[in-house]
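Here is a short note for someone opening this structure for the first time. Please keep the 3D view at hand while reading the points.

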Amino acid sequence: MPLILETIVTTLSPAGEMHLVPFGLIQDGEDLVLAPFRPSPTILNLEANPVFAASAPRDVRVIAGCVTGRRDWPVEPCARIRGMRLSDSFAHAEFAVASVEDDATRPRFRGRMVHQESHAPFLGYNRAQSAVLEAAILSTRLHMLEPEKILSEMRYLAIAVSKTAGPREREAWDWIEDKVSAALGTDRILANPDAA
C-alpha cells in the first residue's frame with residue numbers, strides 16, 4: 001500500500017478564485033499524486049493552472065469544515081507558485097504538475113515539489129483529532145458504503161472523541177455527525193450515550 005498523506009489542497013481557477021479541499025496525496029517515489037474524482041473543481045483548476053499547495057492543518061475543524069460545506073478558512077500567498085496555502089498549518093508544500101494520467105473517472109496529477117516550509121512544531125495529534133479525520137473521510141463515502149458500516153465506524157471513533165476531545169475537536173465532530181445523521185436518517189451517536 002502506498003503512503004497517503006491527508007492534507008488540505010488549494011488550487012486556483014482561471015479567474016483566480018481559490019478552491020480549498022481535503023485530499024489524500026498518494027506518494028509515488030519522490031512525487032505526490034493528486035487523484036480527484038470527476039466532476040471536480042480541482043481538476044478544472046489544475047488543467048488551467050497546473051500547480052497546487054498542500055497544507056497540514058493545525059486545526060482539524062478545517063478538514064471537518066471542508067467536508068461539511070465550511071470552506072472559508074484563512075489563507076495566504078504561496079512562496080513559489082501562483083496559489084494560496086492554508087495559513088494555520090504545521091507546514092505546507094507547493095507542487096508543479098509534472099504529468100497527468102488521464103482517466104474518465106479519476107485522473108492522476110503527478111505533483112513535483114518545488115517548495116516546502118514548516119510553520120509550527122508538530123508534536124502529534126490526540127485521539128480525538130485522529131478520530132475527526134477518519135470520520136471526515138467516512139462522511140465523503142456515504143454514497144459508497146453501507147449505512148451500518150458507516151455507523152459502526154462512527155460509533156468506534158466516537159469513543160476517542162468522548163474521551164479526548166477539546167472544544168475544537170468536539171465542534172468538528174458535531175459538524176460531521178450532523179452530516180452523517182442527516183444523510184442516513186439516524187440519531188447522532190454522541191447525543192445518545194449508550195450508542196458510543
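1. Domains. Domain bounds here come from an automatic or database domain assignment. For the protein chain, that assignment gives domain 1 (4–118) and domain 2 (127–191). Their centres, taken over C-alpha atoms, are 24 Å apart.

2. Basis. This is a predicted model; local features need pLDDT of at least 70, side-chain atom pairs count only at pLDDT 80 or more, and totals for chains, interfaces and linings use all residues. Residues are numbered from 1 along each chain as its sequence is written, and side-chain values use heavy atoms, with hydrogens and water left out.

3. Overall build. The protein chain has 5 helices and 8 strands. Helices (H or I, at least four residues) and strands (E, at least two) are DSSP runs, numbered from the N terminus. Their order along the sequence is β-β-β-α-β-α-β-β-β-β-α-α-α. The C-alpha trace spans about 50 × 40 × 35 Å along its principal axes.

4. Interface size. How many residues of domain 1 are in contact with domain 2? The count is 12, facing 14 residues of domain 2. Contact means heavy atoms within 4.5 Å. The two domains bury about 1100 Å² between them, 73% of it on carbon and sulfur atoms. In domain 1, Val-60, Arg-61 and Val-67 lose the most area to domain 2, together 46% of what that side buries. Buried area is the accessible area (1.4 Å probe) that two parts lose on being put together, summed over both.

5. Salt bridges. The rule asks for a side-chain nitrogen of Lys or Arg within 4 Å of a carboxyl oxygen of Asp or Glu. By this rule the count comes to 14. Across the interface of domain 1 and domain 2 it finds 2. Arg-61 and Glu-171 form a salt bridge through their side chains (3.0 Å, N to O). On the side of domain 1 that touches domain 2, helix H2 (residues 61–67) gives the largest share, 5 residues. Asp-59 and Arg-168 also form a salt bridge (3.5 Å, N to O). This pair links distant parts of the chain, 109 residues apart: Asp-59 is in the loop between strand E4 (51–57) and H2, and Arg-168 is in helix H5 (residues 167–184).

6. A cis bond. Most peptide bonds are trans. The bond from Arg-38 to Pro-39 is cis, with omega near -10°. Pro-39 sits in the loop between strand E3 (31–34) and helix H1 (41–48).
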